[in-house]
Amino acid sequence: MVTESKKTALVVGGSGIAGSSIIRRLNQEGGWTVLSLSRNPVNGLAARHIPADLLAVDSLANALREEKPTHVFFTAWARQDTEEENIRINSAMLRNVLQALEHAPVEHVALMTGLKHYLGPFEAYGAGPVPDTPFREEEPRLPVDNFYYAQEDELWAAAEKQGFRWSVHRSHTVIGHAVGNAMNMGLTLAAQATICKKLGRPFIFPGSETQWNSLTDVTDGNLLAEHMVWAATTNEAGNEAYNVVNGDVFRWRWMWPKLAAYFGVEAEGFKDSPRPLEEQMQGMDQVWADIAAEEGLSEANLARIASWWHTDADLGRNMEVLADMSKSRLAGFTGYRRTEDSFLQLFDQYRADRIIP
């Protein structure tokens, strides 16, 4: 085990919600040298940026040739049109990074995945057998292709070859601070509410009746970071897959009015059928640009603020989705977040950073 002063973390996908949360966590803990491997630098955090294309094997190897991380946190992904392509691209990105670090004294690799491990990929979402809720880590893999499974296989093969410990972190919807991300429910709902307030419209729940009424959970990005650092630095927690969610459960019919109250808009719940955000918010790019100009916001491009498709997918599900945290608790992880606080504190942070008015 390296000494405290020699811990070096490589955060792959450091500019994303999870990656930036991990960097922030490592900065707070102290004693870490932090490297951020991503296309874009991370602003406002102490991390040395390493720009790289994870699919460019030679340039990636060159970028990492002199680096000697002891801990790797892999949070990057690239959405593709088919699951076959998701498997090919996303498993290659992980494989390329680990191969480029064969020279390094890597002790632990923490891989972020998600609950599609239990639900299936987007193109076969809930179409086959789905385990009972709450999802538990010992459930067998579904009989469908899934890039999470391919990534796990890459991780295990590299661990056997290179001798590092590993952990897999299966999060639910991650609520955290970032801009320009493909999956960002927190900022998406903030954008929806802001536009509704500007236009005098009600804040309409976009999802299904099942999601409106059923129990669910989410994952605070800061809790995910705490969980990944815990597993990476606790010997007894290594070589395991863990669910990671806030620890509380809620119903959207309870949460929705609370989000509406924060923004000063009228909450409107499920009525008759889903009303997807991709339909509700169609043609709102100029409205957002006008709001950004009037309020002096830092980002006028709505496409970098809102991921309508992802929130529609999450809230449109016709099944209850929540995960069990017993395995983490029994292993010694005690982190917890109240989801109402996760949302409202995130909105406060976005306001402070002039991302929303």
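Guide: Let us begin with a definition: a residue counts as buried when its relative accessible area is under 20%, and as exposed when that area is over 50%. Please keep in mind that this is a predicted model.

Visitor: Is E226 buried or exposed?

Guide: E226 is found in helix α8, which covers residues 221-233, and it touches R25, F333, G335 and R337, leaving aside residues up to four places away in sequence. Its relative accessibility is 17%, and because the cut-off is under 20%, E226 counts as buried.

Visitor: How is helix α6 oriented relative to helix α12?

Guide: M185, T188, L189, A191 and Q192 in α6 meet W308, H310, T311, D314 and L315 in α12, and by class this contact has five nonpolar, four polar and one charged residues. The axes of α6 (residues 185-199) and α12 (residues 308-315) come within 9 Å and cross at roughly 105 degrees. Because angles of 65 to 115 degrees count as roughly perpendicular, α6 is roughly perpendicular to α12.

Visitor: Which element gives the largest share of the lining of the second largest pocket?

Guide: The second largest pocket has a volume of about 170 Å³, and of the 13 residues that line it, the closest to its centre are D220, N222, S342, L346 and Q349. The elements that give two or more residues to this lining are α1 (17-29), α8 and α14 (339-352). The largest share, four residues, comes from α14.

Visitor: How many residues of that pocket lining are polar?

Guide: The lining of the second largest pocket divides by class into two nonpolar and three charged residues, with the polar ones numbering eight.

Conventions:
Residues are numbered from 1 along each chain as its sequence is written. This is a predicted model: local features need pLDDT of at least 70, side-chain atom pairs count only at pLDDT 80 or more; totals for chains, interfaces and linings use all residues. Side-chain values use heavy atoms; hydrogens and water are left out. Buried means under 20% relative accessible area, exposed over 50%, partly exposed in between (1.4 Å probe, protein chains only). Contact means heavy atoms within 4.5 Å. Axes are lines fitted to C-alpha atoms, for helices over the stretch in contact, and angles run from 0 to 180 degrees between N-to-C directions. Angles under 35 degrees count as roughly parallel, over 145 as roughly antiparallel, 65 to 115 as roughly perpendicular and the rest as oblique. Ala, Val, Leu, Ile, Met, Phe, Trp, Tyr, Cys and Pro count as nonpolar, Asp, Glu, Lys and Arg as charged, and the others, Gly among them, as polar. On a 1 Å grid over the protein atoms alone, a cavity is a set of points where a 1.4 Å probe fits but cannot get out, and a pocket is an open set with protein on both sides within 12 Å along at least five of seven lines; lining residues have an atom within 4 Å of a point. Grid points are joined across faces, edges and corners, and a volume is the space filled by probe spheres set on the points.
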